[in-house]
Amino acid sequence: MKLRVAFANDNLITGGAQRQAVELAIRLDAEPDVAARMVAYRDFDRTRDPGVLATRLAESGVSLDVVPKRWKLDPTLPVRLGRWFARNDIDVVHAFM
């Protein structure tokens with residue numbers, strides 16, 4: 001059984017923490033005993049500008065989901081992220097930002 005790891009980040013706009021999360025997710029997903037996924041909480045328009053990092057994830061086969069933050073201070077976000085982790089049977093969460 002594979003270890004399911006989720007990388008949680010605010011968005012995938014190019015930045016240092018985002019790039020590190022993406023590279024780590026891609027490299028871990030290549031391991032036979034690990035299944036990595038990425039979840040962001042700030043959505044972006046992938047049809048207009050998919051972004052270098054989202055494109056890199058897609059090309060590597062690592063899935064990207066968005067659990068959108070609804071307001072600047074969104075008290076429901078932790079609960080909704082927790083539900084996403086539970087639905088996806090995530091074993092480890094590595095959070096950035």
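**View 1. Accessible surface and overall form of the predicted model.** The accessible surface of this predicted protein comes to about 5,900 Å², calculated by the Shrake-Rupley method with a 1.4 Å probe. Carbon and sulfur atoms hold 55% of that surface. Along the principal axes, the C-alpha atoms fill a box of roughly 40 × 30 × 20 Å. The radius of gyration, taken over C-alpha atoms, is 13 Å, which agrees with the value near 13 Å for a compact globule of 97 residues; the globule rule is 2.2 Å times the number of residues to the power 0.38. Residues are numbered from 1 along each chain as its sequence is written. In this predicted model, local features need pLDDT of at least 70, side-chain atom pairs count only at pLDDT 80 or more, and totals for chains, interfaces and linings use all residues, while side-chain values use heavy atoms, without hydrogens and water.

**View 2. Order of helices and strands.** Three helices and four strands are present in the protein, arranged along the sequence as β-α-β-α-β-α-β. These elements are DSSP runs numbered from the N terminus (helices: H or I, at least four residues; strands: E, at least two). Among contacts with a separation of 6 or more, 72% join residues 24 or more positions apart; a contact means heavy atoms within 4.5 Å. Of the 97 residues, 37% are buried (buried, under 20% relative accessible area; exposed, over 50%; partly exposed, in between; 1.4 Å probe, protein chains only).

View 3. Five salt bridges are found in the whole structure, each a side-chain nitrogen of Lys or Arg within 4 Å of a carboxyl oxygen of Asp or Glu. Glu 23 pairs with Arg 27, with the closest N and O atoms 2.7 Å apart. Both residues lie in helix α1 (residues 16-29), and because they are four residues apart, about one helical turn separates them. Arg 27 is exposed, at 54% relative accessible area. Glu 23 also forms a salt bridge with Arg 56, again with closest N and O atoms 2.7 Å apart. This second pair links distant parts of the chain, with Arg 56 in helix α2 (residues 52-60) and Glu 23 in helix α1, 33 residues apart. Arg 56 is partly exposed, at 34%.

View 4. Asp 65 and Arg 37 meet through their side chains at 2.5 Å, N to O. Asp 65 belongs to strand β3 (residues 63-66) and Arg 37 to strand β2 (residues 34-40), 28 residues apart. Asp 65 is partly exposed at 23% relative accessibility, as is Arg 37 at 22%.
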